[in-house]
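Visitor: Hi, I've just opened this one and could use a hand finding my way around. Can we look at it together?
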Amino acid sequence: MPQPDFKADLDVGSRLKSARTARRLSQRELARKSGVTNGLISQIEQNRSSPSISSLKRILDAMPMTLSEFFSDPDTDTPKFVYRADELRELNPAKVFGPQTEAQQTVSLRQVGPGGNSIQMLHERYAPGADTGADPYAHEAEEAGIVVSGRIELTVGAETAVLAPGDAYIFDSTTPHRFRNPGTEDCIIISACTPPSF
């Protein structure tokens, strides 16, 4: 099934700077709280660097803010009960911001609805070789998913498993985790996270 073509019209750098300054944080303070370099914060805010999912997640957690909140648009987000494929919101910063690596560009995390619900539902696609970033990430929630097609290598803490179609997972998201497609075809996952913290 072809994926909807995502066109970015979001100024990620300005949005990050606005979120940071609204919380009265300097770039240096945000870098220290999030465990990334001051230079990375500066490059993102100038739209000169595309963060990995795990890097942006660490930065937003330090404010605190979810990816869903970061990419939301309160002026146009009207809740409804049906969302067509082309209405799902992309949460991968590389898709919105531009590629950092080919592997990051080939991960799609599309959220059902504008956010603000008690559960977060995602349609995830990982192209061959795609991953969520070299560093595992963590967030305050539980997440579960079912592999629809392809294979995914899931690392949670010190354990790694490869899941195939029909296989499922559920874990405490405060444990650092990482997704990677080791196969030769796209991997599609339907997942949920509660409370929404991604």
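Visitor: Is Arg125 buried or exposed?
Guide: This is a predicted model, and in it Arg125 counts as buried because its relative accessibility is 12%, under the 20% cut-off.
Visitor: Okay, and which residue does Arg125 form a salt bridge with?
Guide: With Asp186; their closest N and O atoms are 3.6 Å apart. That pair links distant parts of the chain: Arg125 sits in strand β3 and Asp186 in the loop between β8 and β9, 61 residues apart.
Visitor: What about Asp186, buried or partly exposed?
Guide: Partly exposed, at 33% relative accessible area.
Visitor: How many salt bridges does the structure hold?
Guide: Seven. One of them joins Asp131 and Arg178, at 3.3 Å from N to O. Asp131 is in the loop between β3 and β4 while Arg178 is in strand β8, so this pair ties together parts 47 residues apart in sequence. Asp131 is buried at 13%, and Arg178 is buried at 18%.
Visitor: Where do Lys57 and Asp61 lie?
Guide: Both are in helix α4, four residues apart, or about one turn of the helix. Lys57 is buried at 1% relative accessibility, whereas Asp61 is partly exposed at 35%.
Visitor: Switching to strands: how many residues of β9 are buried?
Guide: Six of its eight, so to speak mostly covered. Strand β9 pairs with β3 in the antiparallel sense over seven bridges, and Ile189 in β9 is the bridge partner of Glu124.
Visitor: And how does β4 pair with β9?
Guide: In the antiparallel sense, over seven bridges. There, Gly145 has Ser191 of β9 as its bridge partner.

Note on methods:
Residues are numbered from 1 along each chain as its sequence is written. This is a predicted model: local features need pLDDT of at least 70, side-chain atom pairs count only at pLDDT 80 or more; totals for chains, interfaces and linings use all residues. Side-chain values use heavy atoms; hydrogens and water are left out. Buried means under 20% relative accessible area, exposed over 50%, partly exposed in between (1.4 Å probe, protein chains only). Helices (H or I, at least four residues) and strands (E, at least two) are DSSP runs, numbered from the N terminus. Two strands pair if DSSP finds at least two bridges between them. A salt bridge is a side-chain nitrogen of Lys or Arg within 4 Å of a carboxyl oxygen of Asp or Glu.
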